[in-house]
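Hi there,

Here is the structure I promised to pass on to you. Have a look at it first, and my notes follow below.

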Amino acid sequence: MNRFRRNALAIALADNKISYTITENVKVCQGESGQASATAISSDQKLSTDQENCAITKVKKKLPWSLVIDGTNTQASLRGTEDLGSLDYNIFQSTYGVEYALSNQFSIGGVFGYGQNNLYNYEFADTRVNSDTYSGGLYGLYKPSEPAMIALLGGYSRFNTNSRRPIQFGAINRVAEADWNSNGYTVALTGEYAFILNRGTGSGDPKRKENDRRNAIVLKPNALVSFAGYSQGLIEESGAQSLNLKLNPHTATSLIFGGGVVLQAPIVLSSESRLIPRLGVGYRYDVNGNSDQEREVTGGFVDLPEAGEIDVYGQNRGSNELDVSLGLEYEISSNTAIYSNVAGSFWSNGNELTYGGGFRYSW
């Protein structure tokens with residue numbers, strides 16, 4: 001859920017999504033009151049002889065749609081604390097976003113994601129947990145001014161999970177397996193502000209000013225507030241006879257506050273194309289990251305209820321997270337770009353390496 005939220009917000013805040021224009025013919029007529037009116041016409045349409053006060057001119061029209069495709073792969077390690085086992089996992093996440101600009105200030109978008117999550121190298125047993133994740137969400141983007149952007153995201157995730165736990169001791173050689181579904185939802189509010197560190201010295205030409213702004217070195221502070229909830233039903237193993245385990249239904253929540261800064265320094269390659277390196281640093285704090293209630297589950301034996309149930313704890317990442325990221329974007333034209341990035345996250349109880357890339361197109 002954390003990875004989907006990050007990718008979805010990155011899509012929402014991506015630069016220059018709504019920039020592609022088309023040229024169309026417009027008929028401009030001068031009325032009796034002196035007021036001019038403009039009407040779009042077809043390319044082969046001509047003025048009639050009684051339209052002496054009209055003229056045909058070509059104007060550029062901005063189209064409101066954009067598409068972003070993003071894919072990331074994450075490798076992570078958790079360190080066991082308080083006698084809990086260490087483990088590794090990886091997350092592949094693909095994300096697809098479509099955005100529509102309602103105006104120069106407001107846009108709405110939809111995102112869909114498919115992911116695969118795999119847990120392995122558990123310290124105390126050769127246990128494997130694999131999950132297919134389907135996520136979807138909607139976001140709204142508001143630009144109160146040219147350098148400022150605010151995005152609100154709401155998302156839902158569905159997890160289809162299976163586990164495999166070999167049991168080998170003495171003459172016993174069994175495998176316990178389980179399949180279960182779980183659900184999650186997330187709400188996030190983020191914003192950023194672009195400080196231009198260098199400005200062009202050109203004249204008041206609007207096009208020149210736009211190019212100066214587009215090619216400037218920019219520092220972008222950002223802030224984040226995010227809430228997520230996760231719930232899973234009863235988990236019961238099968239295949240290991242009397243050694244099958246069960247876990248009772250469980251819910252967990254996460255409340256994250258964070259902030260950071262991104263520095264981007266475009267390198268102009270031609271009148272249309274640019275290479276844009278980006279360096280980012282951020283910090284996040286999960287209010288519930290150290291809460292026992294969020295990682296405590298109750299379980300027992302499926303076929304031996306008389307043995308009772310016990311409370312067990314899962315290893316978590318902790319409350320503190322430091323992020324460092326490096327990205328490189330190749331803007332082929334004003335409406336097409338490809339990009340790649342690598343990021344490291346360092347938590348209280350582990351670390352994570354994420355790498356990936358994507359494609360962005362506007363029309």
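Let me start with a question: which residues does leucine 153 touch, not counting residues up to four places away in sequence? The list runs Arg5, Ala8, Leu9, Val111, Leu138, Tyr139, Thr186, Val187 and Ala188. Please keep in mind that this is a predicted model.

Now the cores. Leu153 also belongs to the largest nonpolar core, a set of 17 residues in which Val111, Tyr139 and Leu153 have the most contacts. At least two residues of this core come from each of helix H1 (2-12), strand S7 (128-145) and strand S8 (148-169). H1 gives the largest share, with five residues. There is also a second, separate core of six residues, and Leu78, Tyr89, Ile91 and Trp347 are among them.

Searching the whole structure turns up three cavities of 30 Å³ or more. The largest cavity holds about 1,200 Å³ of space. Its lining is made up of 44 residues, and those nearest the centre are Arg6, Ala10, Val262, Ser325 and Asn341. By class, the lining of this largest cavity splits into 16 nonpolar, 15 polar and 13 charged residues.

The second largest cavity has about 70 Å³ of space. You will meet Trp347 again here: it lines this cavity along with Ile256, Arg284, Tyr285, Asp286, Arg317, Gly318, Ser319, Asn320 and Glu321. Strand S16 (274-286) and strand S19 (320-333) each contribute at least two residues to this lining, and the largest share, three residues, is from S16.

Four strands form an open sheet in the order S12-S13-S17-S18, and their pairing is antiparallel. Strand S12 (235-236) and strand S18 (310-313) are at the edges with a single partner strand each, so one side of each has no neighbour in the sheet. Between them in the order, strand S13 (residues 245-247) and strand S17 (residues 296-301) pair in the antiparallel sense over three bridges. What stands opposite leucine 247 in S17? That place is taken by glycine 299.

Best wishes

How values were computed
Residues are numbered from 1 along each chain as its sequence is written. This is a predicted model: local features need pLDDT of at least 70, side-chain atom pairs count only at pLDDT 80 or more; totals for chains, interfaces and linings use all residues. Side-chain values use heavy atoms; hydrogens and water are left out. On a 1 Å grid over the protein atoms alone, a cavity is a set of points where a 1.4 Å probe fits but cannot get out, and a pocket is an open set with protein on both sides within 12 Å along at least five of seven lines; lining residues have an atom within 4 Å of a point. Grid points are joined across faces, edges and corners, and a volume is the space filled by probe spheres set on the points. Ala, Val, Leu, Ile, Met, Phe, Trp, Tyr, Cys and Pro count as nonpolar, Asp, Glu, Lys and Arg as charged, and the others, Gly among them, as polar. A nonpolar core is a set of buried Ala, Val, Leu, Ile, Met, Phe, Trp, Tyr and Cys residues joined through side-chain atoms within 4.5 Å. Buried means under 20% relative accessible area, exposed over 50%, partly exposed in between (1.4 Å probe, protein chains only). Contact means heavy atoms within 4.5 Å. Two strands pair if DSSP finds at least two bridges between them.
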